[in-house]
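Morning, everyone. I have one structure for you today. Please look at the sequence and the model while I talk.

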Amino acid sequence: KGHFQEQHVYALLSNADMARRIAPADHAILPVAQAMVEAIAEVQARAQRTGTFGVNGDEMRVLREGVGKTMVFLRGVPNVDIARASMAAVREFNRTGVLRV
């Protein structure tokens, strides 16, 4: 908890975003990835208010459990699926200037 920084937020968010972009509509990983995105949104909102990044116990639990599950999922998908999802994210960012997660 003491060394949680902004780059950790973006790494976790990227992990959850890739899982959501790749998983089929009914896959069990989707609620896990969504919970991660929501926990990160809370972390970011609090950081805007306080000026520091930190996580509470519930957020840490969701993120710790979620990253383990999403990594297992991502390790099991073909590299081409990851490449396609990554390229789609880059195209979205280039087109809109933001990446909606």
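Take contacts in the protein chain between residues at least 6 apart in sequence: 66% of them join residues at least 24 apart. Contact here means heavy atoms within 4.5 Å. A word on the source: this is a predicted model, where local features need pLDDT of at least 70, side-chain atom pairs count only at pLDDT 80 or more, and totals for chains, interfaces and linings use all residues. Residues are numbered from 1 along each chain as its sequence is written, and side-chain values use heavy atoms, with hydrogens and water left out.

Now the overall layout. The protein chain has 4 helices and 0 strands. From the N terminus, the order is α-α-α-α. Helices (H or I, at least four residues) and strands (E, at least two) are DSSP runs, numbered from the N terminus.

What box do the C-alpha atoms fill? Roughly 40 × 30 × 20 Å, taken along the principal axes. A compact globule of 101 residues would have a radius of gyration near 13 Å, and the protein chain agrees, with 14 Å. That radius is taken over C-alpha atoms, and the globule rule is 2.2 Å times the number of residues to the power 0.38.

Next, burial. Of the 101 residues, 34% count as buried. Buried means under 20% relative accessible area, exposed over 50%, and partly exposed in between (1.4 Å probe, protein chains only).

Let's walk along helix H1, residues 6–22. Its 17 residues should span 24 Å at 1.5 Å a residue, and the end C-alpha atoms are 25 Å apart, which agrees. The expected span is 1.5 Å times one less than the number of residues. Among the buried residues of H1 are Leu12, Asn15 and Ala19. Their cover includes helix H2 (29–50), helix H3 (57–75) and helix H4 (79–96).

On to H3. This helix has 19 residues and reaches 27 Å from first C-alpha to last, close to the 27 Å expected. Asn56 caps the N-terminal end of H3, with a side-chain oxygen 3.1 Å from the backbone nitrogen of Asp58. Buried residues in H3 include Leu63, Gly66, Thr70 and Phe73. The buried residues of H3 pack against H1, H2 and H4.

Which residues have the most contacts inside the largest nonpolar core? Leu63 and Phe73, in a core of 27 residues. H1, H2, H3 and H4 each supply at least two residues of this core. The largest share, 9 residues, comes from H2. A nonpolar core is a set of buried Ala, Val, Leu, Ile, Met, Phe, Trp, Tyr and Cys residues joined through side-chain atoms within 4.5 Å. Leaving aside neighbours within four places in sequence, Leu63 touches Leu12, Met36, Ala39, Ile40 and Val55.

Is Thr70 buried or exposed? Thr70 is buried, with a relative accessible area of 0%. Its side chain makes a polar contact with the side chain of Asn15, at 2.2 Å. A polar contact is a pair of N or O atoms within 3.5 Å; within protein, one must be able to donate a hydrogen and the other to accept it, and residues adjacent in sequence count only if both atoms are side-chain atoms.

Then Gly54, in the loop between H2 and H3. Gly54 is partly exposed, at 21% relative accessible area. Leaving aside neighbours within four places in sequence, Gly54 is in contact with Phe4, Val43, Arg46 and Glu59.
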